[in-house]
Amino acid sequence: MIFKKVKYKINNQILITSNIAIAKRVLENNGIIAIPTETVYGLAGNAYSEDAIIKIFSLKKRPLFNPLIVHIKSGAFITDVAVDIPTIAFKLATKFWPGPLTLLLKKQSNIPDLVTASKSTVAVRVPNHPLTLQLLEQLDFPLAAPSANPFGSISPTSVEHVLNYFKHDLEVIVDGGPCKNGVESTIIGFENNLPILYRLGAISIEEIEKVVGKVLIHSKNDTDPSAPGMLSRHYSPNTPTFLTDNVGEFIQLNPKKGIGLLLFKDLIVNDEITYQEILSKSGDMNEAAKNLYAALHRLDKLDLDMIIAEKFPDNGLGKTINDRLQRAVEK
Ligand code: TXA
Ligand code: MG
């Protein structure tokens with residue numbers, strides 16, 4: 001297929017803009033752009049265009065077996081991408097969209113198999129970011145968008161993070177400021193009309209259960225990754241990273257020079273520590289989630305010998321944060 005390549009790079013510079021018209025033009029020509037969402041930045045392309053989808057996979061160096069999330073402009077467009085939608089899916093969509101909830105639904109035949117990695121289900125959500133909603137409003141196709149990071153590395157929650165990864169590969173980044181939730185969407189699938197959790201995320205299980213009752217947990221299986229976001233190693237810094245519920249003791253047992261700490265709310269008193277990140281001084285889990293990836297990005301740039309992360313309380317968003325930290329430490 002022949003398509004016009006639209007270039008907006010000036011002197012080979014990437015364009016960082018809040019101009020939706022430019023973003024729209026690139027997308028309409030099968031180009032890929034970075035878009036802001038409330039969770040993390042995404043690498044977006046026309047979900048109906050195989051050309052665009054192939055570019056996303058190759059840019060991200062993502063294996064083709066790992067499907068993408070389709071972003072639609074509002075719940076009213078759910079039937080454009082999905083069929084046989086369970087009643088409880090509508091209930092969840094009504095409550096949480098626009099917002100950080102992704103639903104796994106039986107796919108419409110118009111969604112290319114590449115998007116869903118040949119699965120019979122499609123992952124779909126309505127992102128809650130004003131610029132991206134405006135953009136979707138002006139497009140006559142949904143946007144397939146994985147997080148804007150190379151496969152396996154830390155997700156981006158700011159334009160700067162996206163630039164660090166894709167400075168030489170992207171033409172346009174839509175600048176929507178720092179992401180306000182800071183961790184990816186919660187993914188829920190359905191079996192026999194029951195909700196099943198595929199990925200912990202920005203909406204806690206407790207909040208989901210208030211709407212639909214008990215949520216079952218999808219059993220993790222690395223060899224058959226029906227939600228490869230559940231693959232053990234993911235969201236990983238380059239620096240060796242460890243997770244513990246007793247940071248003080250861990251430091252004593254592992255004396256090293258360049259130690260960086262990732263802590264919930266309190267600093268550790270120890271002169272030997274090179275650098276400490278506090279995720280929320282007031283102990284607010286939402287704030288901690290918002291700051292999590294930015295803190296990991298900063299720590300990872302410091303050339304430390306190790307990052308030691310503190311385990312969070314195992315409830316609400318603490319569960320999601322622990323999940324991401326656990327994956328960050330997997331070898
Ligand atoms: O918050 C988010 O969800 C962000 C923003 C950009 O929307 N997106 C995101 O996409 O986190 P990604 O590709 O990094 O993670 C999507 C996860 C992957 O683990 C993928 O395997 C899973 O969703 N997924 C997508 N389609 C699926 C399907 N049909 N069945 C099971 N898992 C699916
Ligand atoms: Mg991702």
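Predicted model: local features only at pLDDT ≥ 70, side-chain atom pairs only at ≥ 80, totals over all residues.
Asp-323 lies in helix H11, which spans residues 317-329.

Two partners of Asp-323 deserve attention. The side chain of Asp-323 makes a polar contact with the side chain of Arg-324, at 2.7 Å. The side chain of Asp-323 also meets that of Arg-327 in a salt bridge, with an N to O distance of 2.5 Å. Asp-323 and Arg-327 both belong to helix H11, where they are four residues apart, or about one turn of the helix. Arg-327 is buried, as is Asp-323.

A search of the whole structure finds eleven of them. One of the pairs joins Asp-113 to Lys-107, whose closest N and O atoms are 3.5 Å apart. The two residues of this pair can be set side by side in terms of accessibility. Asp-113 has a relative accessible area of 44% and is therefore partly exposed, whereas Lys-107, with a relative accessible area of 15%, is buried. A further salt bridge is formed by the side chains of Lys-214 and Glu-209, at 3.9 Å from N to O. Lys-214 counts as exposed because its relative accessibility is 64%, while Glu-209, at 25%, counts as partly exposed.

Ser-280 provides a view of a loop. This residue is found between strand E15 (275-278) and helix H10 (285-300). Is Ser-280 buried or exposed? Its relative accessibility is 1%, so Ser-280 counts as buried. Leaving aside residues up to four places away in sequence, Ser-280 touches Phe-264, Lys-265, Glu-287 and Ala-288. With Glu-287 there is a polar contact between the two side chains, at 2.7 Å.

The chain can next be considered by its domains. The domain assignment gives domain 1, made up of 8-83 and 106-182, and domain 2, covering 241-328. Domain 1 contributes 13 residues to the contact between the two, and domain 2 contributes eight residues. Taken over C-alpha atoms, the centres of domain 1 and domain 2 are separated by 30 Å.

Between domain 1 and domain 2, the buried area is about 810 Å², and carbon and sulfur atoms give 59% of it. On the side of domain 1, Ile-154, His-161 and Gly-182 supply 50% of the area buried against domain 2, more than any other three residues. Which kinds of interaction accompany this area? Zero salt bridges are counted between domain 1 and domain 2, but two residue pairs are in polar contact, both at pLDDT 80 or more. By class, the side of domain 1 that touches domain 2 comprises five nonpolar, six polar and two charged residues.

Notes:
Residues numbered from 1 in each chain as written. Chains lettered and ligands numbered in written order. Heavy atoms only, no water. Domains from an automatic or database assignment. Contact = heavy atoms within 4.5 Å. Buried area = accessible area lost by both parts, 1.4 Å probe. Salt bridge = Lys/Arg side-chain N within 4 Å of Asp/Glu carboxyl O. Polar contact = N/O pair within 3.5 Å; in protein donor to acceptor, adjacent residues only side chain to side chain. Nonpolar A, V, L, I, M, F, W, Y, C, P; charged D, E, K, R; others polar. Helix = DSSP H or I, 4+ residues; strand = E, 2+ residues; numbered from the N terminus. Buried < 20%, exposed > 50% of the residue type's maximum accessible area, 1.4 Å probe, protein only.
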